[in-house]
Amino acid sequence: MSLTRFNKVCRRLNGARYFAIAVHNPEQDEYTSKPHYPPIEDLSFREKLKRKKAKLHDEIRNVKTVEEKQIKLNMRRYYGFKCYMVNEGYCPYNNLPLAQHITRTHLKAEKKLPQLYDNIDVSSLATQLKNDVEEIILIETEGYRKKIKDKILGIEDGEDFTSALTKSINRMIMSNLAKQYPHILDTQFDFEPRIESTWYAGGMNPPDNIKRYREGRDWTKEYKDDPTDRLMAFIGLPILTLRSQLPLPTVAADSDVDGINMELPEWQYDPRVVGTKTEQNRRIVNVPGYFPGDTHRFSQLSYHKRHHARNTFGEVIDEECSLSRQAIVTSFGWLQAQANMLGFNSFNDITYPMITQTVITDGKNWSFFVYQMNTILFHTHFAKENPKRNICWGTDEMKLYEGVSGGKVLGFNEEVLKTLLKFYVNEPRERLGVNLTPFLSNEEKVAADYTDDDKSNWLEREYKFLTSNRPRYQLPYEIYAWEKIYKIDHQSRFMDKRLRPFELFQNPYDRRLDDRLPEYIPRKLRPDVKRWVGRYKKEYFP
Amino acid sequence: MSTRWYPMYRKGGPQLRVFLPNFWLKLVRPTQEQPPNVVQFQCSMEMTQFDIRNYLEKIYKINCIDVRTRIHMPKTRRDPGKGYIIKDDDIKYAYITLPKDQVFKFPELFGDEEKKKEQELEHERALKEAKKGFEDYLEKNKDRRNLPSWYSV
């Protein structure tokens with residue numbers, strides 16, 4: 001506990017007056033026909049830890065609004081957490097098993113979309129729109145366009161081309177279908193929105209430092225190899241996303257959701273052994289491309305580039321795996337962030353499945369994926385015990401066209417357009433009898449709902465600061481290399497005054513988010529009371 | 001390529017010399033648990049990721065999918081005679097990813113059985129010594145029966 005926090009607690013204790021008013025009626029309370037015993041609890045270390053964590057998770061669930069929940073998740077660390085980065089654009093070799101483990105996803109072996117899509121008939125629409133798509137391809141390949149990145153790299157079908165092509169195709173489809181399908185008229189779309197998502201994944205070997213720490217004490221030795229949780233941070237790079245007010249209909253049968261027979265690859269290694277990078281001091285951020293309180297909170301469709309699959313190793317290796325990995329990671333990442341906007345999080349599982357549709361393309365080659373998220377709870381013991389799986393369906397990669405020559409598109413594949421149209425036509429529907437936000441308060445769902453303006457403004461500011469992931473102004477504490485060598489490893493400077501935190505048995509990184517002085521109110525702006533009253537602004541930490 | 005200084009040839013000096021390159025790789029047992037298709041090496045500090053890939057591909061015909069390196073800083077220690085603090089040389093580690101259907105298992109160079117025998121031998125030796133010590137003690141005190149051992153001081 002730092003000094004400021006200690007002072008705060010002291011102040012609180014001094015100011016408090018406690019009165020015990022006990023109304024005791026011995027005739028009523030003292031005897032009952034059956035004795036009431038407190039529940040017998042398992043006092044083993046693992047069970048105690050489980051209960052301690054469950055208590056904290058209950059606290060998070062009882063927090064009222066979306067913003068407060070996000071702040072509450074971040075309360076443990078003032079400077080942020082160590083995160084294992086899951087970048088959409090960086091896919092090391094053979095990353096699929098890891099991706100499946102950290103998202104708990106079962107990847108369907110047969111390359112086919114779920115049955116729901118067979119029932120959607122779009123053949124007449126496809127023939128109607130075929131010419132328009134061809135025209136767009138011609139314009140984008142041969143017409144004049146600013147292709148800065150592509151020009152630098154000296155390629156024709158680079159990221160700029162893909163981005164422009166998909167945006168044009170989307171615009172054309174939306175404008176053509178809006179009349180016929182009211183849900184498309186209502187859809188919101190975002191160009192290159194910010195998508196970030198953070199969740200806890202369990203079931204992996206502990207890192208070396210934690211093993212050493214556990215080996216250091218006698219009573220923790222037996223828990224040496226217990227798996228530890230890791231905070232996975234996903235950063236997405238979509239070209240375009242479509243959102244709707246209502247969720248998409250579920251695709252998997254109910255028996256599939258609880259299926260233990262759905263295979264998950266075994267993965268117990270530290271993610272760093274396959275090239276996953278880590279970042280210190282990141283906050284738990286869940287941004288699905290919109291602010292809390294948006295009306296269009298459910299995903300419809302997202303387009304993604306596939307150029308990194310080419311760029312990671314300099315040559316194309318194992319592209320199919322890296323595409324599946326990208327689809328799984330992006331779909332789960334986006335859905336998880338959406339779930340956070342609905343009041344769920346890593347500790348409080350979703351109560352209904354959420355679905356998204358993902359398209360990965362470089363303009364010519366198109367892959368389609370459907371993802372159903374059934375659970376986001378797989379930290380600590382849930383990694384083994386939770387029977388639910390998330391499911392991903394995908395098609396083989398298909399070519400939209402073979403090439404362009406003489407002002408004509410060669411080898412146009414209508415099947416691709418049909419599949420794409422099915423994703424648009426698939427209508428979001430109301431979930432009858434399902435409360436979409438069971439863990440949010442009925443009165444206040446977002447900070448703006450609070451009638452106390454001061455509170456809602458404070459919450460909004462704090463939430464936006466945390467989600468920005470900007471570092472603090474003051475440089476964080478660090479132990480310099482010379483200190484590590486000459487002061488910690490070898491005490492060669494015993495005459496130096498002990499002033500640094502590591503010499504005073506303190507760890508500045510143990511600081512909690514609320515371990516700070518609130519904002520100061522100048523004397524001029526305070527009411528005419530005693531000098532020391534009301535110096536600091538009120539804070540509303542959940 | 002070699003940047004070593006070899007002694008100049010003089011009359012009578014050895015005719016045949018082995019010119020060693022700067023580049024070397026040493027296969028080591030992984031410290032972290034790793035997937036079966038990842039191999040860990042110590043390598044020369046001058047080698048880049050491209051050098052490592054070329055070394056393995058050209059000399060040993062090993063298909064390297066991915067090469068990652070890191071430089072490990074060893075612990076500092078006091079010089080035994082002088083007392084000041086010294087640091088051992090840094091070590092560059094290379095992690096090679098093989099195609100996922102290939103498996104590499106670090107070989108068991110010195111069998112466990114030999115180790116066990118050695119340990120047993122040590123244990124027996126200690127037991128023998130203890131026995132001998134006790135016998136010596138009995139021998140020393142044979143004419144002073146029933147007297148406690150501290151009485152002799």
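Is Asn94(A) buried or exposed, and how many other C-beta atoms lie within 10 Å? Asn94(A) is buried, because 23 other C-beta atoms lie within 10 Å; a residue counts as buried if 20 or more other C-beta atoms lie within 10 Å of its own, exposed if 12 or fewer, and partly exposed in between, with C-beta atoms placed from the backbone.

## Before you start

This is a predicted model, in which local features need pLDDT of at least 70, side-chain atom pairs count only at pLDDT 80 or more, and totals for chains, interfaces and linings use all residues. Residues are numbered from 1 along each chain as its sequence is written, while chains are lettered from A and ligands numbered from 1 in the order in which they are written.

As for confidence, pLDDT is the predictor's own score for each residue, from 0 to 100. Chain A has a mean pLDDT of 89, with 91% of its residues at 70 or more. A contact here is two residues whose C-beta atoms, placed from the backbone, lie within 7 Å.

## A five-stranded sheet in chain A

Let's turn to the strands. Helices (H or I, at least four residues) and strands (E, at least two) are DSSP runs, numbered from the N terminus, and two strands pair if DSSP finds at least two bridges between them. Chain A has an open sheet of five strands in the order β7-β1-β5-β4-β8, with mixed pairing. At its edges are β7 (278-282) and β8 (287-288) of chain A, each pairing on one side only.

β7(A) meets strand β1 (residues 81-87) of chain A in the antiparallel sense, over three bridges. One spot to look at is Cys83(A), whose bridge partner in β7(A) is Glu279(A).

## An enclosed strand

Strand β6 (residues 238-244) of chain A is largely enclosed by the rest of the structure, because seven of its seven residues are buried. Strand β3 (residues 188-191) of chain A runs antiparallel to β6(A), and four bridges join them. Within that pairing, Gln188(A) stands opposite Arg243(A).

β6(A) also pairs with strand β9 (residues 298-305) of chain A, again in the antiparallel sense, over six bridges. Here Ser244(A) has Phe298(A) of β9(A) as its bridge partner.

## Cores and a covered helix

A nonpolar core is a set of buried Ala, Val, Leu, Ile, Met, Phe, Trp, Tyr and Cys residues joined through C-beta atoms within 7 Å. The largest has 94 residues, and Met232(A), Tyr371(A) and Cys392(A) have the most contacts inside it. Helix α13 (residues 319-341) of chain A gives this core its largest share, ten residues. Apart from it lies another core of twelve residues, including Val39(B), Tyr55(B), Ala94(B) and Leu98(B).

Leaving aside neighbours within four places in sequence, Met232(A) touches Tyr84(A), Val86(A), Ile102(A), Thr198(A), Trp199(A) and Ala201(A). Helix α4 (residues 66-73) of chain A is mostly covered too, with eight of its eight residues buried. Those buried residues pack against α3 (45-62), α13 and α16 (453-468) of chain A.

## Two asparagines with positive phi

Most residues other than glycine have a negative phi. Asn94(A), though, has a phi near 55°, and sits in the loop between β1 and α5 (96-103) of chain A.

Asn281(A) also has a positive phi, near 55°, but this residue lies in strand β7 of chain A. Asn281(A) counts as partly exposed, because it has 16 C-beta neighbours inside 10 Å.

Chain B has two helices and six strands, following the pattern β-β-α-β-β-β-β-α along the sequence. The C-alpha atoms of chain B fill a box of roughly 80 × 55 × 35 Å along the principal axes. Buried residues make up 9% of the chain's 153 residues.

Where the chains touch, chain A brings 16 residues and chain B brings 13. Chain A's side has eight nonpolar, five polar and three charged residues. In this sorting, Ala, Val, Leu, Ile, Met, Phe, Trp, Tyr, Cys and Pro count as nonpolar, Asp, Glu, Lys and Arg as charged, and the others, Gly among them, as polar.
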